[in-house]
Amino acid sequence: MNDAAPRTRTAAAPAAASRREQILQQAARLFAERGFHGVGVDEIGAAVGISGPGLYRHFAGKDAMLAELLVGISGRLFAGGRRRVAEAAEAGADPAAVLDSLIDGHIDFALDDRDLITLHDRELGQLRDSDRKLVRSLQRQYVELWVEVVRRLHPEAAETEVRAAVHAVFGLLNSTPHLGRPGALPGRDATAALLRRLALGALAALAR
């Protein structure tokens, strides 16, 4: 009997995590389409095949979903950036290769998480102050990660200029929700390649 309980909990954990991810995915889509205040808990529940009240087994409410979405993506971007820099350093990559890796990681985000970009732009102000400050802190750390890499590649450029260029590249890459419906764009690989060239071109302007 003592062995049975841990096995039951372990077997249930992946299903619970999967359902949480489904809820977050549908919440992000609906919030992006209709706005945070334009979507009810019942609608999110219906999108994942459970009752609205059933969502409260996973989240305290819409506010908690929004916080997990926005804090979560900021944390994943920063963690992913640090991992890419660490892996490149371990491989002895030069600054250009490290920057390439950071750009590729952000392009994946820009193409695969367009709803979250829209959500951030429109709904960040809906977060509690503590959650909003956490998002901003994670974003600043992510920016500084890029700034450090770009400064190694362009040591002649002023730090303020580098930081402005990094923000400009983020704006360029994060413009994907405004590029039209996915079907109106080139294929994913072609769009990624275009964004990569544009990002590298913008940062190359730092050279003197």
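Visitor: What should I know before we start?

Guide: Residues are numbered from 1 along each chain as its sequence is written, and side-chain values use heavy atoms, with hydrogens and water left out. Because the model is predicted, local features need pLDDT of at least 70 and side-chain atom pairs count only at pLDDT 80 or more, while totals for chains, interfaces and linings use all residues.

Visitor: Why is aspartate 131 called buried?

Guide: Its relative accessibility is 13%, and buried means under 20% relative accessible area, exposed over 50% and partly exposed in between (1.4 Å probe, protein chains only). So aspartate 131 counts as buried. Leaving aside neighbours within four places in sequence, aspartate 131 is in contact (heavy atoms within 4.5 Å) with Ala67 and Val71.

Visitor: And why is leucine 134 called partly exposed?

Guide: Leucine 134 has a relative accessible area of 38%, so it is partly exposed. This leucine is found in helix 6, residues 129-153.

Visitor: How do you know that glutamate 123 has no salt bridge?

Guide: A salt bridge is a side-chain nitrogen of Lys or Arg within 4 Å of a carboxyl oxygen of Asp or Glu. For glutamate 123, which is buried, the nearest side chain of opposite charge is arginine 122, 6.1 Å away.

Visitor: Which backbone nitrogen lies 2.9 Å from a polar atom of the glutamate 123 side chain?

Guide: That of phenylalanine 36. Phe36 is also among the residues in contact with glutamate 123, including Phe31, Gly35, Leu66 and Leu70, once neighbours within four places in sequence are left aside.

Definitions and conventions. Lys, Arg positive; Asp, Glu negative; His and termini not counted. Polar contact = N/O pair within 3.5 Å; in protein donor to acceptor, adjacent residues only side chain to side chain. Helix = DSSP H or I, 4+ residues; strand = E, 2+ residues; numbered from the N terminus.
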